[in-house]
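Subject: A structure for you to look at

Hi,

Here is the structure I said I would pass on to you.

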There are 4 protein chains.
Amino acid sequence: MTIATAASGVIPPVCTPLTPAHEVDTASLTRLVDHLLDGGVDGLFVLGSSSETAFLTDGHRRTVLDTVIGHVAGQVPVLAGVIDMTTPRVLDHVRAAVAAGADALVATAPFYTLTSPAEIAVHFRTIAARAGLPLYAYDLPVSVHTKLDAALVLDLAAEGVLTGIKDSSGNEAALREVLLGRRDRGIASFSVLTGSELTVDTALWMGADGVVPGLGNIDPHGYTRLFHAASKGDWTTARDEQERLFRLYDLVKVARGRMGGGSSALGAFKAALHLRGVIDHPTTAPPQIPLNAEETARVAEHLTGAGLL
Amino acid sequence: MTIATAASGVIPPVCTPLTPAHEVDTASLTRLVDHLLDGGVDGLFVLGSSSETAFLTDGHRRTVLDTVIGHVAGQVPVLAGVIDMTTPRVLDHVRAAVAAGADALVATAPFYTLTSPAEIAVHFRTIAARAGLPLYAYDLPVSVHTKLDAALVLDLAAEGVLTGIKDSSGNEAALREVLLGRRDRGIASFSVLTGSELTVDTALWMGADGVVPGLGNIDPHGYTRLFHAASKGDWTTARDEQERLFRLYDLVKVARGRMGGGSSALGAFKAALHLRGVIDHPTTAPPQIPLNAEETARVAEHLTGAGLL
Amino acid sequence: MTIATAASGVIPPVCTPLTPAHEVDTASLTRLVDHLLDGGVDGLFVLGSSSETAFLTDGHRRTVLDTVIGHVAGQVPVLAGVIDMTTPRVLDHVRAAVAAGADALVATAPFYTLTSPAEIAVHFRTIAARAGLPLYAYDLPVSVHTKLDAALVLDLAAEGVLTGIKDSSGNEAALREVLLGRRDRGIASFSVLTGSELTVDTALWMGADGVVPGLGNIDPHGYTRLFHAASKGDWTTARDEQERLFRLYDLVKVARGRMGGGSSALGAFKAALHLRGVIDHPTTAPPQIPLNAEETARVAEHLTGAGLL
Amino acid sequence: MTIATAASGVIPPVCTPLTPAHEVDTASLTRLVDHLLDGGVDGLFVLGSSSETAFLTDGHRRTVLDTVIGHVAGQVPVLAGVIDMTTPRVLDHVRAAVAAGADALVATAPFYTLTSPAEIAVHFRTIAARAGLPLYAYDLPVSVHTKLDAALVLDLAAEGVLTGIKDSSGNEAALREVLLGRRDRGIASFSVLTGSELTVDTALWMGADGVVPGLGNIDPHGYTRLFHAASKGDWTTARDEQERLFRLYDLVKVARGRMGGGSSALGAFKAALHLRGVIDHPTTAPPQIPLNAEETARVAEHLTGAGLL
C-alpha cells in the first residue's frame, strides 16, 4: 500500500521486542503490532529511535521490516526509518526498506560528521531521488545534534523532496513556523507530525496532522482517543487524555540516574509491554543496562495508576 | 601480523580515495598507502574519521580493509575503525575487520543514543570480549558528543579491555590525566595516541606514545621527522617541525563558511593529495560539497608554501 | 501596590529606551509605559532581558525603576528583574528594587559560575528570605545555561519561596510538568507565566496564567486581545491573534547574520517602537551593532503588514 | 606601578578570603598576598574567577582592590578583573579599578547576552579606549559560553587594543594559533598567559609568557619553580614540578557530585589555605555549599601527600 497523500493520525514508533539472546522476537513483535492495530492507530513507524534502531544490526532491521510489513499486510501504512550517519549509508537502508515494501521512509540529517545546511539539503535531495517513495525528515536534535531549519524544511517540501516531517525537537515555536509556513506558502500534501508525545493536543491545535508517540506503544488507545477528540473539535477531552498520558509518561524516570535517560525510557517501555502481556521479554539491546526488580515494580505502579494493569 | 605490544609512533588515519562515481578508488588507495609507507609511518589507521568512514557503506569499508591489509602485507600494523552507533552494530564491523585480517580495532563510545558511563563500559567490554584483537578507544567528543572519562579509561586499561586510546578530544589536561594515571597505576602495555595533530610535540613530551594525524596523509615525512626528533630528545627540532605543520594545517580553512568544517577539511586533504599526484580524484563522499577552483588554488598555495609542491 | 495574589495576564518586559549617548531616555520610557497601559496590560516587567538589563549599569537600573514605578503609580503591578551572576550580587539589586517600590522580583539561577540544583535552591531561598516581596524564578537557559528542574521549582513553590515562574525555556513539555505538578500537588497562589511569545495560546490552554512577551512592546493590544479571547474560552480568536503576532515576530530576523540574534531582535524591537512614534531613538546599548537603513526599512514593512504603521 | 611591557611569569588569581558573615576578610587577604609574594610570584590577578568575583558585590570588589593594591605597594603589578555581562557594566568596574590603582585590567567577552564576533570587538575596543590601562582578554568559555577566535584576538593585539590574553579555554591548539600568529605577524608587547594550570610546561614550551594558576594560591612556590626551570631551559624539572602539581590538583574533586564543580574546586582551595594556616576561615560565598569534615580531611591528605602540611 503506497501512501497517496501524506500521513496523519497516530503513528507509533514500534518498539522492537528482543529475545534474551538479543535477537528480534518476531512472535512478540507481531503481537505488539496487533496491540497497536487494536488501539486504532493510523500507521506504524518501524526502525525509529523508540524502536532501538540505533542498536539493531542490518540483519535485525530486515527482520523487523519483513515481520511488520508482512503482518500488517496493507491495513495501515508502514513508515520505515533509514537512520544512519550519512547519505551513502542511508541509501543502503533505503534499498532494504524499498525491497521489503515500506510505504514511506524517514531519515535524519547527517550525524557524527559536521555538515552544513547546504549539505543537509543535498542529503535529503539525494535520498528522495533514489528512493521513489515518500520521504519524511526526522528532526531529533538530541540525537543528531543539528536542528533542522524551518525555512529549509519548507523549501524541500515545496520542491517535492520531502513529503513530511516528524518533529521531535521539542521546539514548539519552530514547529509552528513550519505549520504557518506550509499554510502561507500553500504547500499541499506536506505532513507535519509531532514526536513530542506530551504536547500532542497543542501540536494538533496549531495544525499538526498527527503524532508519533513512543508512549503509544503502551497505550495506543489513549493516543487515538486524544486524536479523535481533537479531530472532532472536542479539545477538552483531548487535553484530559493528554494530561492522563503525561502522568503515565513519568514511568520513563524509574531508572534515571542509574543509567542513561534513553535506556531508562526504553527499558520502562519494554517493562510496561511485558507487564501488560504484549511481549515475552523486557530485554533491551546492549550496551543498555536492564531495569531491576524495584524499578520494574514502579513501572507496574504507573500502569496500575493509569488503569492499564 | 598481530601487535604483540601496544602501538606507537606515527599512525595516520588513511584517507579513502573515491572515484567520481563515489566508489572506492583502490588504485589511488594503494598509491596513498605507498606514499605513507615511504614517509616512514609506524602503522596505518583505516576507517577513521579522516577516512570518511561515516560516509562509507559496509561494502566500501570491506574494500578498504581488503585493499590496505592486502597491500601492506604485514609491513606495519593496520588498525581498523569499527565506527557505529552501538554495540550490536559495532560487532558486525568487528567481524568484518577480523575476517579481513586487521591487527587491532578502534571503537568510539555509543553515539546517537544517550548512554551513561556504566553503559560505555559495557560497550567496550563486550567488543573486547568478542573481538580477540587489541581494542583502542577513540575519544572524539566533536562527533560522539561524549567525552570519555579518564578514570573509566584507566580502569578498562587495567582490566585488559583496552589496549590503547586515540585521544582526539583536544583536552590536553585530560590526556595528561590518562598518561599520569597509567604511570601511577603501573598499567603496562597501554598505548596512548593523540589525534591532535597540532600539539604532537607537547603530547609526546607529556608521555604519549604516538600520533594519529589526519594531516599526515599530506606530509607523512613531516610527522615521522617530528616523532623521531622527539624520540631522540631533540625537542627543538620536534617543535620546529610541528610549527611548520601547524601552518600547513591552515589549508583546512579554505572552504570554511561555504560548507561544514568537516567537509572543508576532508576536501582540502583530498585536494592536496590530488595536487601532489598521490590520488586520481579529489572527490569527497556525499552529501559533502566539493571544493571549487579558487579554494583548490589556495590549497596549492599552502602546499607550495610548505615545500610540498 | 503589593501583589496579594500571583500575577496573571499580559505583563510585557518593558524595553529601555536610550538616548544616543546611551543614557536612559526617561521621556521615551514613560511614553512606552503609557503605550503599554493603553494596550491594556496587566502588569509590567522591568529590567528583564528584553529591557537590555544585561547592558544597564546599576545607575541605569535605578533610573528605570524610579521612572516606571513612579509613572505607573500603582495602576498595575511592576515586577523588577534582579539579574546578576550570584546571590550576593542579586541581593544588592534586591535592595534597590525594594527601595524603589517594586511589587515583585524576578531572578534567574546563578550564571557564569557552575552551580548545582542544591545550590540553586539555596540561591532562591536566600533571595526570598531577604526580599520580603514575591519572588519569581526566571527560567532562561539560552542566557543562564541551566534549565530549572520542574521538581525543584514545584518544591520551592510549595515551600512558599517562589510566588511564580517566568518560563522562557521554550520547553513546553517542561512547562506542562510545572502546570500539572502545581495542580496535582495543590499548590495555590503559584503563578506560571510563559515567556515564549509565539506559543501563548497553547501555554494558556495548558493552564498558564499569563505571558511576558517581548513583542508585546510593539503590539500590546494584540497580546491583550489574545489573552482576553483565551480567558473567555474563545480559543479560535486567540489562535488567530497568535498567528498574526507570530508573523509579525519575523521582524527580529532582519539583521541576523550581520550581528548576534539578541542584537538583531532588540534592535528590531526598538526600531519598531521608533517607527511607531513611541520612543525617540532606536538606540541599543553597546556593544550591540545598530540596524542599518535597509534593515530598518524591512522592520517598517513588517509593521505595515501587521497594520501597525 | 604601571606595566610598561606585557606581563609574564606566575600571576596567580588571588582567592578572596571571607569571614563567616560573608564579608571580605582583609587580614586573611593580606596574609594570602604575603604568602604569594613569598612564593616569588611575578604579579597578582585579583577579581578573577578563582577570586569568586562572580560572587562579590561591588563593595566587596572595592575592598579587595584597595586591600591588595595597598598592601602590595608596587612590589609586583596587580591585574584587576572587570568581569560583568556587557560593556556598560564592565566600564563601571573599570572606573573602580583605575581609581584603586590597578596596573592592568582583565575582561571577558560579553555573557548572558548573545553577541557576535563583531560585537566582541566593539566591546574590547570600547573598554580599551576608556580605560587608559593595559587590557587583557580573558578567554573562559566554560563561564562565558563563547570561545574567543584567535584571528580576532590577534587583530585586536595588532591594533593595540589588547595588551595580552589569559587563555583558560583549555584548547591548546587554539593557544598555539595565537602564539604562532603573534610571532608570524610580528606583534610585539602582546602577552600570552595560560590559565590552564595543568599544562603549564607545555604552554611555556609553545611560547606562552606566563601562567595564571588557581592552584598557585595553595602552592605558589611550586609554580615559580616550574616557571624558573622552564625559563632556564630545564624542561625536565619543569615537567616534574608540573606533574607533582597535577596530582595535587586532584583535591578539587573531593566534593564533586555533592555540589557543582566550581564550588568543589573553590571550597577545596579555601580549605587548603585554611589548613595551611594562611587564611582564617574556609568560607565560600553563597549559594555555594561548604565542604564537610570528611571532604576537608581529604583535602588535608592531598596537602600531606604533596609535602605542604
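C:Ser50 sits in the loop between strand S2 (44-46) and helix H2 of chain C; helices (H or I, at least four residues) and strands (E, at least two) are DSSP runs, numbered from the N terminus. This is a predicted model, in which local features need pLDDT of at least 70 and side-chain atom pairs count only at pLDDT 80 or more, while totals for chains, interfaces and linings use all residues. Residues are numbered from 1 along each chain as its sequence is written, chains are lettered from A and ligands numbered from 1 in the order in which they are written, and side-chain values use heavy atoms, with hydrogens and water left out.

Is C:Ser50 buried or exposed? With a relative accessibility of 17%, C:Ser50 counts as buried (buried means under 20% relative accessible area, exposed over 50%, partly exposed in between, with a 1.4 Å probe and protein chains only). Leaving aside neighbours within four places in sequence, C:Ser50 is in contact with C:Pro13, C:Cys15, C:Gly214, C:Leu266 and C:Phe269, where contact means heavy atoms within 4.5 Å.

Next, a helix in chain B. Helix H6 of chain B covers residues 150-159, and its buried residues are B:Ala150, B:Leu152, B:Val153, B:Leu154, B:Leu156 and B:Ala157. Which elements do the buried residues of H6(B) pack against? They pack against H4, strand S6 (164-167) and helix H7 (172-184) of chain B. At the start of H6(B), a side-chain oxygen of B:Asp149 comes within 3.2 Å of the backbone nitrogen of B:Ala151. Just after H6(B), B:Gly160 has a positive phi of about 90°.

Now to how the chains meet, beginning with chain C and chain D. The contact takes 44 residues from each of these two chains. The size of an interface is often given as the accessible area lost when the parts come together. Chain C and chain D bury about 3,400 Å² between them, with 63% of it on carbon and sulfur atoms; buried area is the accessible area (1.4 Å probe) that two parts lose on being put together, summed over both. On the side of chain C, the residues that lose the most area to chain D are C:Arg89, C:Tyr112 and C:Pro287, together 24% of what that side buries.

How many salt bridges cross the interface of chain C and chain D? There are four, a salt bridge being a side-chain nitrogen of Lys or Arg within 4 Å of a carboxyl oxygen of Asp or Glu. C:Asp58 forms a salt bridge with D:Arg89, and their closest N and O atoms are 2.9 Å apart. Of the side of chain C that touches chain D, H3(C) gives the largest share, five residues. That side divides into 20 nonpolar, 18 polar and six charged residues (Ala, Val, Leu, Ile, Met, Phe, Trp, Tyr, Cys and Pro count as nonpolar, Asp, Glu, Lys and Arg as charged, and the others, Gly among them, as polar).

A rotation of 180° with 0.0 Å of shift along its axis superposes chain C on chain D, with an RMSD of 0.0 Å. That is the relation of a two-fold axis. Copies are superposed by least squares on the C-alpha atoms of residues with pLDDT of at least 70 in both. The same surface serves both copies, as 100% of the contact residues of chain C recur in chain D.

Then there is chain B with chain A. The area buried between chain B and chain A is about 3,500 Å², and carbon and sulfur atoms give 63% of it. Four salt bridges are counted between chain B and chain A. B:Asp84 and A:Arg89 meet in a salt bridge, 3.2 Å from N to O.

Finally, the pairs that stay apart. No contact joins chain B and chain C, whose closest C-alpha atoms lie 12 Å apart. Chain A and chain D do not touch either, and their nearest C-alpha atoms are 12 Å apart.

Best wishes

Key. A polar contact is a pair of N or O atoms within 3.5 Å; within protein, one must be able to donate a hydrogen and the other to accept it, and residues adjacent in sequence count only if both atoms are side-chain atoms.
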